[in-house]
Amino acid sequence: MTEITLPSLFEHRVEELGEGVALREKKKGLWRRISWDEYHTHVRNFCLGLKKLGLQKGDRVSILGDNCPEWLYADLAAQAAGGIGVGVYPTNSYVQVKYILDHSQSKFVVVKDQEQADKVLMIKDQLPFLEKMIVIDMKGLRKYDEPMMLSFHEVEKIGEELHEKGPSLFHEMVQATQSEDVAIIVYTSGTTGPPKGAMLSHKNITSVVDCFFQVLPITQADSLVSVLPLCHVAERLFSLFIPMRSGCTINFAESIDTLQSDMTEISPTIFLTVPRILEKIHSAVTIKMQDAHPVKRWAYDHFLPIGQEVAERNLAQQKVSLFLRVAYLLGYFFVFRPLRNRLGLLQVRECVSGAAPLSKDIMKFFHSTGLMVKEAYGLTECTGVFSVPKGEDIEIGTVGKPIPGWEYKIATDGEILMRGPAVFAGYFRDERATKQAKRENWLYTGDIGEFDEKGNLKITDRKKEILITASGKNIAPSEIENRLKFSPFIREAIIIGDRRPYLAALIQIDYDNVADWAQKEGIPFTTFKNLSKNPEVYKLIQGEIDRANKELSRIEGIKKFILLEKELDRDDDELTATMKVRREMIEKKYGDLIETLYK
Amino acid sequence: MPKLEIKDLNINFGGIRALNGVSFAVGNNQLFGLIGPNGAGKTTILNIINGVYHPSSGNIFLDDQDIVGFKPYQIARIGVGRTFQNIELFKNITVIDNLMLGRHRFIQSGILLGSFYLGRCLREEMVNRDRIEEIIEFLEIEAYRKKIVKMLPYGIQKRVELGRALSMDPKILLLDEPCSGMNTEEIEDMARFILDIKEEMGITIMMIEHNMEVVMDIADRICVINFGMKIAEGNPREIQNDPKVIQAYLGEDEPFVRE
């Protein structure tokens, strides 16, 4: 009997669905379908090509570039050959790319285009393990004289020749894959210290998918748009792992700029997202509505509270009065339906947000429009998902109940521990970190949380980020930060207050929205810095903070704040590749500024 | 054999001699930069090649064919594409329509067949639209496909104009200040596109540009014009060190390009 691995599941799907649509890619302005058979041909040829070029069992293949079908081909092909796929963020600088290629000791790197290829070429001399760079889009690269470089197409050609000689070769290779083998290495974004490479086995992956389906089933009829970076475990789960079981369709947008209209055209049924995107949608809608026609604005302002009321009653399983129901129906046809259609979210039946805590207000906003956003919780180290609300059982502020298959407990200090078949195999080339995270098969998550009386998990914060004020009170900063970020004028908020008498905040304004506001108010400005320094803007933010303070307890209130004069940047090590704030770094960097808050 | 050869070109406007015996040759698949101070006669040269002006004397050979005396549309038909200093697009129609206009020379079906949009006409439209889409992808303007041109940012309009010139599948492309009025990032993108056009599509390019960094960086060969006369020709390094060029640009003995 063959073992259950991603490549073997893939062969099953191909056999079952054959000519059915597996992927869609927008090219030359038209959506092009890629059937499971074609998907298979690409993966097979690329896999055999890699084999011919010398890929051995256990070798790492890094993939660097924006999401595209070739990304998935390369990942599956590497796994089918017994290799390991390693995703690298396309937004990484060449220094960060070097760290991952070097640490993973990758033999091959697959890059999307010239931009990414140039990064690799810049550091190739420092990578003794790297043998070949395979380029998906050769535009602008054909004239490069570089012996280590070849095109994706060439590798497929090499593989095809091999396939003609031995038509059963690929199938035999897939049969040889074992469920305990490491399938992929996911480098964590690293809010603290350099990224660590979490090794996930086929068994980790298949077990988590099976458990996930018991709570949130996905079928062949579903379709998704692949938006988030594929190197992140959550997007990999939705775009690669889940289709291998369910046969759902994955769509690739034409480019980042066209994402919005491509979403509208596809109108996916499943939407995986992160708080940052939801925050962005919310503030875009809020700002657009201020400029909208008065009738539209009136309708929006009046129907939104009705939507909220209905959503809250539904979640609490209370009766919704006939009047409310009629009002909601009107609201649905005149406001919510067109709004969701515009956002490409009309057909969405499951919307899952993960990777970072989502503000309650944002969640309520989407619930009002009838889009029942759910918050899921998981780590790279637990193969992506630990808990997600089932069906309509959504308790705002919690991440639902753990999915079946997990054993779990809360340690005495509040840390969440979990055990099960989906706990990762360990960090690649880092015994010490592995031992720290995995003790007697329990995964130490580093997150503080608690279960409420209904059994829903509530995440307090990262263990390392809990602040203890001078008066001894424990405070979870992320919740307050999210409350602040709900304001369309605040892009980023960092709460300070560890061993301090009161809480203070570093605020980064949302440049676009504040600039828009300043223009309307007739406030002249030139740059981000100039705008941040403007006393009127300070007053505006003060107003936003006051409003937030009203909803917070006195001890959680923000006494003072400072507006940052530059936008936080990945290149300055202030944000991770997933745009999470690196608190330690920022507290160090802006130390002097922070001191002024306590004088 | 040069792609384009200009021999002893002269033109007078009233009593002013705008060009005085200019000669140079552009090699096949070369990126040829034409530089010089304002009013030196650079755009005049492009206008003569295009057939907008007729020279008082001199010859222009494109692939060994003398094209002096040809009408602008005839010159376009033999494969000379062009962009302008000030964007010359149809501002009130979409990007696609502008680009499709560039395909005009490939479209055979007339107004009668066109109004029914059947058979050959439909096939023609599809073939040409396919080529347009390749260009859209090449220039990364997918997001603007169906937008009205006048609503687009300046840098994008510049790109669309380049796209229209490309859509006629030219043998040689004349670019009049492709990077003017752009910010640093847009300039970098544009320089990259110009290089890619040369390398990927194998098109010969003649470019007027005031941004010296760009010209010195990407041009294979440069010709300098001042007061209607050629004062220097050579590769970027030679031009940078040519005393006559330095004098024409700054009037003093300082290098005009800082490295």
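Residues are numbered from 1 along each chain as its sequence is written, chains are lettered from A, and ligands are numbered from 1, in the order in which they are written. In this predicted model, local features need pLDDT of at least 70 and side-chain atom pairs count only at pLDDT 80 or more, whereas totals for chains, interfaces and linings use all residues.

Chain A is assigned three stretches of domain structure: domain 1 (6-179 + 225-254), domain 2 (267-376 + 389-394) and domain 3 (466-597). Such bounds come from an automatic or database domain assignment. Between the C-alpha centres of domain 1 of chain A and domain 3 of chain A lie 41 Å. The two domains touch through 5 residues of domain 1 of chain A and 4 residues of domain 3 of chain A. Two residues are in contact if their C-beta atoms, placed from the backbone, lie within 7 Å. On the domain 1 side of this contact there are 1 nonpolar, 4 polar and no charged residues. Here Ala, Val, Leu, Ile, Met, Phe, Trp, Tyr, Cys and Pro count as nonpolar, Asp, Glu, Lys and Arg as charged, and the others, Gly among them, as polar.

An open sheet of 8 strands is found in chain A. The strand order is β7-β6-β5-β3-β4-β8-β9-β17, and the pairing is mixed. Helices (H or I, at least four residues) and strands (E, at least two) are DSSP runs, numbered from the N terminus. Two strands pair if DSSP finds at least two bridges between them. At the edges stand β7 (149-151) and β17 (426-427) of chain A, each pairing on one side only. Inside the sheet, β3(A) and β5(A) run parallel and are joined by 4 bridges. A:Ser62 stands opposite A:Val109 of β5(A).

α3(A) lies across β3, β4, β5 and β8 of chain A and runs at about 175° to β3(A). Axes are lines fitted to C-alpha atoms, for helices over the stretch in contact, and angles run from 0 to 180 degrees between N-to-C directions. Helix α3 (residues 69-80) of chain A also meets helix α1 (residues 6-17) of chain A. Their axes come within 8 Å and cross at roughly 115°. A:Leu6, A:Pro7 and A:Phe10 of α1(A) make the contact with A:Leu76, A:Gln79 and A:Ala80 of α3(A). By class, this contact has 5 nonpolar, 1 polar and no charged residues.

Helix α4 (residues 94-103) of chain A has A:Gln96, A:Val97, A:Ile100 and A:Leu101 as its buried residues. A residue is buried if 20 or more other C-beta atoms lie within 10 Å of its own, exposed if 12 or fewer, and partly exposed in between, with C-beta atoms placed from the backbone. Seen down the axis of α4(A), the buried residues fall within an arc of 130°, so they line one face of the helix. The arc is that of the directions from the helix axis to the C-beta atoms. These residues pack against β3 (60-64), β4 (84-88), β5 (108-111), α5 (114-123) and β8 (182-187) of chain A. Just after α4(A), A:Gln105 takes a positive phi of about 50°.

Chain B is assigned domain 1 (1-79 + 170-259) and domain 2 (93-163). Their C-alpha centres are separated by 28 Å. The contact takes 8 residues from domain 1 of chain B and 6 residues from domain 2 of chain B. On the domain 1 side, α2 (72-77) and α7 of chain B give two or more residues each. The largest share, 3 residues, comes from α7(B). That side divides into 5 nonpolar, 1 polar and 2 charged residues.

Chain B also has an open sheet, with 6 strands in the order β6-β7-β8-β3-β9-β10 and mixed pairing. β6 (80-83) and β10 (229-234) of chain B each have a single partner strand, so one side of each is left without a neighbour in the sheet. Neighbouring strands are turned by 15° against each other on average, direction ignored. Helix α7 (residues 184-201) of chain B lies across β3, β7 and β8 of chain B, at about 155° to β8(B).

Between the chains, 11 residues of chain B are in contact with 10 residues of chain A. α5(B) supplies the largest share of the chain B side, 4 residues. That side has 1 nonpolar, no polar and 10 charged residues.
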